[in-house]
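Colleague: Hi! Could you walk me through this model? I have some quick questions.
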Amino acid sequence: MRKAALGAAGIAGVVLVAGCAAPPNNDRAEIREAGDGFPALDDNWYDGGRFVDPRNILRIKEGQSKDQVRQLIGNPHYSEGFFGVREWNYVFNLYTGEEGGDYITCQYQVEFDDEMALESSRWREAQCPALLAPVERKEDQTLVLSGDVLFDFDSDRLTLEGRRALERVAQSALSEFEAPGMLITGYTDRFGSATYNQALSQSRADTVADYLATQGVARGDIRTAGRGEADPVVECAGATATPSVTECLRPNRRVEITISELVEG
């Protein structure tokens, strides 16, 4: 296992590692790197960061209490203080999905509001959220994003990392196309009624379109479609939604974004 150099963000493979605990916090860490609001990397409790289950980071969402955050990703990795602390900092190691067990070290920060509910989170390195919410290029200009990463369970509400993934999509589209047009298609797995799956897939596609519109893509240039359980990517045996079957069907729960250049005329 070796540490990979931090280069340009690329398409990541499956990221699956074991979670680790963190020590209790004591005094406040004051040293900050210049200008970016993150503490100095060398001041964290661990030498080189801690491995974490990426699925736990994906469960971080607005409104969670400190206890809920602690249950998911542990105590902060710096001396943050005891009372009224509104910022927790972490240093995580995330596998890149490449051969040889390569990983990169990522600084992650969560901020709490006056009621000590999670208000926001951010990464220091752009490569890190790209590992958690990879964007796969299917063919031509069709991008595929995991529905499990984009949305809360059985919901059309975007997750924190899902929004970050869509921000990367919008940035890429606006840089590669003068007038990008998009077709956004939502899909579900086969569990649930056809009516419910159709409605959920359409609602998710609409939610993605609405968020991309906030990132500069013209909403009128985005079409949406819900396809429910149609066009499955994988077939998995099993008539009951057990954890193993649900995991097997993960590729079917997706959102596809096809981008093209609009031609006036």
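Predicted model: local features only at pLDDT ≥ 70, side-chain atom pairs only at ≥ 80, totals over all residues.
Modeller: Happy to! Residues are numbered from 1 along each chain as its sequence is written, and side-chain values use heavy atoms, with hydrogens and water left out.

Colleague: Thanks. Which residues does Glu167 touch, then?
Modeller: Leaving aside residues up to four places away in sequence, Glu167 touches Tyr211 and Gln215.

Colleague: And where is Glu167 found?
Modeller: In helix 5. Helices here are DSSP runs of H or I with at least four residues, strands are runs of E with at least two, and both are numbered from the N terminus.

Colleague: What do the axes of helix 5 and helix 6 do?
Modeller: Helix 5 covers residues 160–176 and helix 6 covers residues 194–214; their axes come within 9 Å and cross at roughly 60 degrees. That angle makes helix 5 oblique to helix 6. The axes are lines fitted to C-alpha atoms, for helices over the stretch in contact, and angles run from 0 to 180 degrees between N-to-C directions. Under 35 degrees counts as roughly parallel, over 145 as roughly antiparallel, 65 to 115 as roughly perpendicular, and the rest as oblique.

Colleague: Which residues meet there?
Modeller: From helix 5, Arg163, Leu166, Glu167, Val169 and Ala170 meet Val208, Tyr211 and Leu212 of helix 6. The residues of this contact divide into six nonpolar, no polar and two charged. For those classes, Ala, Val, Leu, Ile, Met, Phe, Trp, Tyr, Cys and Pro count as nonpolar, Asp, Glu, Lys and Arg as charged, and the others, Gly among them, as polar.

Colleague: Nice. Zooming out, how many helices and strands does the chain have?
Modeller: Seven helices and nine strands. The chain has 265 residues, and buried ones make up 46% of them.

Colleague: What about contacts across the sequence?
Modeller: Take the contacts between residues at least 6 apart in sequence: 69% of these join residues at least 24 apart.

Colleague: New topic: where does Tyr187 lie?
Modeller: Tyr187 lies in the loop between strand 7 (180–186) and helix 6. With a relative accessible area of 7%, Tyr187 is buried.

Colleague: Which residues does Tyr187 touch?
Modeller: Not counting residues up to four places away in sequence, its contacts are Ser201, Arg227, Gly228, Ala230, Asp231, Asn252, Arg253, Arg254 and Glu256. The C-alpha atoms of Tyr187 and Arg227 are separated by 5.4 Å, although the two residues are 40 apart along the chain.

Colleague: I'm also checking backbone angles. What is phi of Met116?
Modeller: Phi of Met116 is near 60 degrees, a positive value in a residue other than glycine. Met116 sits in the loop between strand 3 (103–112) and strand 4 (118–123), and counts as partly exposed because its relative accessibility is 24%.

Colleague: And what is phi of Asp154?
Modeller: Near 55 degrees, again a positive value in a residue other than glycine. Asp154 is in the loop between helix 4 (147–150) and helix 5, and at 45% relative accessibility Asp154 counts as partly exposed.

Colleague: Last one: is Ala40 buried or exposed?
Modeller: Ala40 counts as buried, at 11% relative accessibility. Ala40 is in the segment before strand 1 (50–51). Ala40 and Gln107 are 67 residues apart in sequence and 9.7 Å apart in space, C-alpha to C-alpha.

Methods
Buried < 20%, exposed > 50% of the residue type's maximum accessible area, 1.4 Å probe, protein only. Contact = heavy atoms within 4.5 Å.
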